[in-house]
Amino acid sequence: MSVYAFDGYVDTAEHGDGITLLGGWVRLPEAGIPSARLRLTTTGGLRQDWPLARLLARRDLPAEGPIPAGRGFQLLVRGLPDWSEGALTVVHAGGEIPLHPPVLNPAPFRPRGHLDGADGKEAWGWLVHAPGTEAVIEMEGMGRLPVRCDVHRADLPFDDGSPLPAFGFHLHFAGTALANGRGPRRVTLHAAGVKLGEVMLEGQLAAGLPPFLAAAALGTGAEAGGRSNSRITGLLAETAPAGEPAAASPPAAPPLLVLNVCRAVGLGHLLLAGRVEWTEDGSEPTLRLLPAAPAQSLVLFDEPELLAALPPGRTCRGFLLVGARPGGTEPPFLEWVAGGQSGRQALPGDAHGPTPDAALHQAGWGGVFHLLREAAGGGAAAALLSPQLGPVGAFTRWLAGVPWLEPADFPRVEAWAAPSGECAMAFTLDPAIGPDTRLSLLALLLEEGRVRPLPMAQSPALTSETMLLAHGLLPQLTELPAPPSSW
């Protein structure tokens, strides 16, 4: 076997409270990956091996000629006897690779974690802490709730030897004192007395919805007002190229699929959410459920924070897909095509990830708005309007959090509707709207305590520096909806 200048490195060695964390990287021949084991040998005579089942690619350590690419590991071991000095090697079928430095003195173990997000109903994130130490979510002035990690996060590098390591959590406040908070509240994640994350809630979101019309203005490029997705959980899959690449150019890196959500919704449909990453070629990815459903609604949207972190040449898009649950005996798959390559991912079941209302609440605003328009148009996404999911179906919570603009925010706002269904809206904007601003309109009609979304028939008809006039066609009404009292 070739000898490299650096075969591997240990950047984390921590031990204490019944847990040990060993992390670093190794340059390992591809043939040795399936049999790779991490070996600890201490000066006290302890020698123990652990399989390295989650050796993850390191983009900062590419292959260089005969030198293989570096692969990272973060291995958690529980119950290891106390040790103060040792050495690590990676053992595989082709030999043994010593890691640097040659002598390790472990530091005290410290908990790790992050509070990815929280609202008045739930909190979510990830946590690595010692067994038996306290881990809690605390809401300022409202008490504490123990954290239980039971969600697999494919985006985390930690490995504990289980098939799907569960270091993620999704904690619901229902039925606890934390659910009763009003006004600004500080939500924090603590483990072993260490604060690992904090989110500030600016009060409970109003549940009421405007009775007549709602408008969402989408800015140039990345959709304005969009939230980055919280990666609550994921199933990560790599795919092989659909065909042989051209001999004149190196093969493109395969696309990656992260499936955050697979949830049953109304009318026998499924909601899928996640993202696709691929080598940029100017095309958009396509996704569909297999066996093929008769109708599917797919919305793609930008995720600027994730996009900025990708290496040159790679791009990604978030997706929301609603389709009828495939029938028959064949197991359901999600098929995608991106960058001239394709792949299939088996679905993990219809209770994977957050609930439908939580999934939409955490997704990019622009993507959810367009999915709501799809639902209003009567496509497969209409299953998300099931009454069992709320007054506006799975969109209820998302709509309650949309930052509504009051008439006082505009120099002028007027709306008209005729019994024939014709309607118009006039906005005077300050400051002036940009030439590339896009406006999408959706009517929300109150019907016996429920809200029915209806797409506008036409796009804005007239724009100027400060004024926009839009008109559309609603179904014929027996009586006009009452405008808000503030208009």
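Predicted model: local features only at pLDDT ≥ 70, side-chain atom pairs only at ≥ 80, totals over all residues.
Strands here are DSSP runs of at least two residues, labelled E, and helices are DSSP runs of H or I with at least four residues, both numbered from the N terminus. Two strands are taken to pair if DSSP finds at least two bridges between them. E3 and E4 run antiparallel and are joined by five bridges.

Residues are numbered from 1 along each chain as its sequence is written, and side-chain values use heavy atoms, with hydrogens and water left out.

On confidence, pLDDT is the predictor's confidence in each residue, from 0 to 100. The chain has a mean pLDDT of 77, and 76% of its residues reach 70 or more. Residues 1-5 have a pLDDT below 50, and beyond near neighbours in sequence this stretch has nine contacts in the model, a contact being heavy atoms within 4.5 Å. The pLDDT is also below 50 over residues 203-249, a stretch with 136 contacts beyond near neighbours in sequence.

As to the overall content, the chain comes to four helices and 35 strands. Of its 487 residues, 48% count as buried; buried means under 20% relative accessible area, exposed over 50%, and partly exposed in between, with a 1.4 Å probe and protein chains only. Among the contacts with a separation of 6 or more, 66% come from residues 24 or more positions apart.

I return now to E3 and E4. They belong to an open sheet of four strands in the order E4-E3-E7-E8, with antiparallel pairing. Strand E4 (47-51) and strand E8 (95-98) are the edge strands, each pairing on one side only. On average, neighbouring strands of this sheet are turned by 25 degrees against each other, direction ignored; the axes are lines fitted to C-alpha atoms, for helices over the stretch in contact, and angles run from 0 to 180 degrees between N-to-C directions. The hairpin of E3 and E4 has four residues between the strands, and there Gly45 takes a positive phi near 95 degrees.

A second pairing deserves mention. E12 and strand E13 (residues 143-146) pair in the antiparallel sense over four bridges, and Ile137 has Leu145 in E13 as its bridge partner. Strand E12 (residues 135-139) is largely enclosed by the rest of the structure, because four of its five residues are buried.

Next, the charged pairs. The structure holds 18 salt bridges, each defined as a side-chain nitrogen of Lys or Arg within 4 Å of a carboxyl oxygen of Asp or Glu. One of them joins the side chains of Arg112 and Glu14, at 2.7 Å from N to O. Since Arg112 lies in strand E10 (residues 112-118) and Glu14 in strand E1 (residues 8-16), this pair ties together parts that are 98 residues apart in sequence. Both Arg112 and Glu14 are buried.

Glu30 forms a salt bridge with Arg71, with the closest N and O atoms 3.1 Å apart. Here Glu30 sits in the loop between strand E2 (19-27) and strand E3 (37-42), and Arg71 in strand E6 (residues 70-78), 41 residues apart. Is Glu30 buried or exposed? At 55% relative accessibility, Glu30 counts as exposed.

Glu198 and Lys195 form a further salt bridge, their closest N and O atoms being 2.9 Å apart. Glu198 is partly exposed at 37% relative accessibility, and Lys195 is partly exposed at 49%.

Finally, some backbone details. Most residues other than glycine have a negative phi, and most peptide bonds are trans. The peptide bond from His100 to Pro101 is cis, with omega near 0 degrees, and Pro101 is found in the loop between E8 and strand E9 (107-108). The bond from Leu290 to Pro291 is likewise cis, with omega near -5 degrees; Pro291 lies in the loop between strand E23 (286-290) and strand E24 (296-301). Asp17, in the loop between E1 and E2, has a positive phi near 60 degrees and is exposed, with a relative accessible area of 56%.
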